[in-house]
Amino acid sequence: MEYKKDNEEYDRSFKVILIGNRAAGKTNIISRFQKNKFNPNSQITIDIDFDTSGEERYLSVSRTHYRDAVGAFIVYDITNEESFNKLKFWFEEFQKNAKENAIPMIIGNKCDLEKERKISKEMGQKFAEENKALFMETSAKDGTNIQKAFEILTKEIFNTFENETDKPIDSIILSKRIIIDPKKPRPCC
Ligand SMILES: Nc1nc2c(ncn2[C@@H]2O[C@H](COP(=O)(O)OP(=O)(O)O)[C@@H](O)[C@H]2O)c(=O)[nH]1
Ligand SMILES: [Mg+2]
């Protein structure tokens with residue numbers, strides 16, 4: 001478990017990553033989350049590492065992206081079958097590369113586009129159940145379930161990784177920090 005002492009706002013941080021096909025909505029999920037207001041007296045920070053520099057276009061994301069991640073949002077677009085079909089690939093990448101016991105949450109994003117839906121909620125739920133992952137449908141556009149998804153994933157991370165610290169955990173408060181590697185090119189999208 002990573003401790004951060006360089007900022008008074010928090011003293012622990014968890015790394016959560018977002019993976020999934022390009023255009024599934026990862027960047028927008030982060031920006032929707034970022035716009036929500038969080039308690040400034042945060043004790044816990046989630047470091048959200050989603051800057052894949054467009055690598056997901058080639059169905060690969062460098063191993064360092066996964067390093068030390070204790071949770072992952074594995075995102076597909078409910079209007080895009082290809083993104084759903086690639087869930088298995090992303091899930092396996094996550095299993096191969098993430099920390100042991102890291103918590104996966106499958107996200108069916110763009111649930112505001114009901115008329116264009118190609119993937120039923122049941123299909124998403126089934127994939128999640130079969131792979132012992134959490135599941136949520138979200139819309140980064142109208143905000144549906146974005147906050148909730150982060151809360152549920154965070155609680156699960158605590159339940160799993162709590163014992164890795166001798167500090168008592170009284171509350172779960174989220175804040176936001178984006179990791180950008182200056183050595184990498186900025187993402188194109
Ligand atoms: N209708 C709708 N569009 C979305 C949603 N999330 C993302 N988009 C759109 O989908 C496209 C790709 O989103 P982006 O966040 O860049 O995907 P990324 O490649 O996974 O980071 C953009 O045009 C977004 O505006 C959503 O929840 N609903
Ligand atoms: Mg993006």
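How far can the model be trusted? The average pLDDT of the chain is 78. A score of at least 70 is reached by 70% of the residues. Two stretches call for care. Over residues 1-8 the pLDDT is below 50. Even so, this stretch has 15 contacts in the model beyond near neighbours in sequence. Residues 37-42 also stay under 50, and here the model has 9 contacts beyond four places in sequence. Where pLDDT is low, the predicted coordinates should not be read in detail.

Now take the chain as a whole. It holds 5 helices and 7 strands. Read from the N terminus, their order is β-β-α-β-β-α-α-β-α-β-α-β. Of the 189 residues in the chain, 38% are buried. Among contacts with a separation of 6 or more, 76% link residues 24 or more positions apart.

The largest nonpolar core has 43 residues. Within this core, A72, F73, I74 and M105 touch the most other members. Several elements give two or more residues to the core: strands β2 (12-20), β4 (69-77), β5 (103-109) and β6 (134-137), and helices α1 (26-35), α3, α4 (121-130) and α5 (146-161). The largest share, 7 residues, comes from β4. Leaving out residues up to four places away in sequence, A72 touches V16, I17, I19, F94, A98, A102 and P104.

Helix α4 can be read the same way. Its buried residues include G124, F127 and A128. Viewed down the axis of α4, the buried residues fall within an arc of 95 degrees, so they too line one face of the helix. On the face turned away lie the exposed residues E122, K126, E129 and E130. What covers the buried residues of α4? The cover includes α3, β5 and β6. After α4 comes K132, whose phi is positive, near 55 degrees.

The last stop is I152, in helix α5. Is I152 buried, partly exposed or exposed? Count its neighbours. A residue is buried with 20 or more other C-beta atoms within 10 Å, and exposed with 12 or fewer. I152 has 16 C-beta neighbours inside 10 Å, so it counts as partly exposed. Not counting residues up to four places away in sequence, I152 touches L134 and M136. F135 is 17 residues from I152 in sequence, and their C-alpha atoms are 9.6 Å apart in space.

Conventions: Residues are numbered from 1 along each chain as its sequence is written. Chains are lettered from A and ligands numbered from 1 in the order in which they are written. This is a predicted model: local features need pLDDT of at least 70, side-chain atom pairs count only at pLDDT 80 or more; totals for chains, interfaces and linings use all residues. A nonpolar core is a set of buried Ala, Val, Leu, Ile, Met, Phe, Trp, Tyr and Cys residues joined through C-beta atoms within 7 Å. Helices (H or I, at least four residues) and strands (E, at least two) are DSSP runs, numbered from the N terminus. Two residues are in contact if their C-beta atoms, placed from the backbone, lie within 7 Å. pLDDT is the predictor's confidence in each residue, from 0 to 100. The arc is that of the directions from the helix axis to the C-beta atoms.
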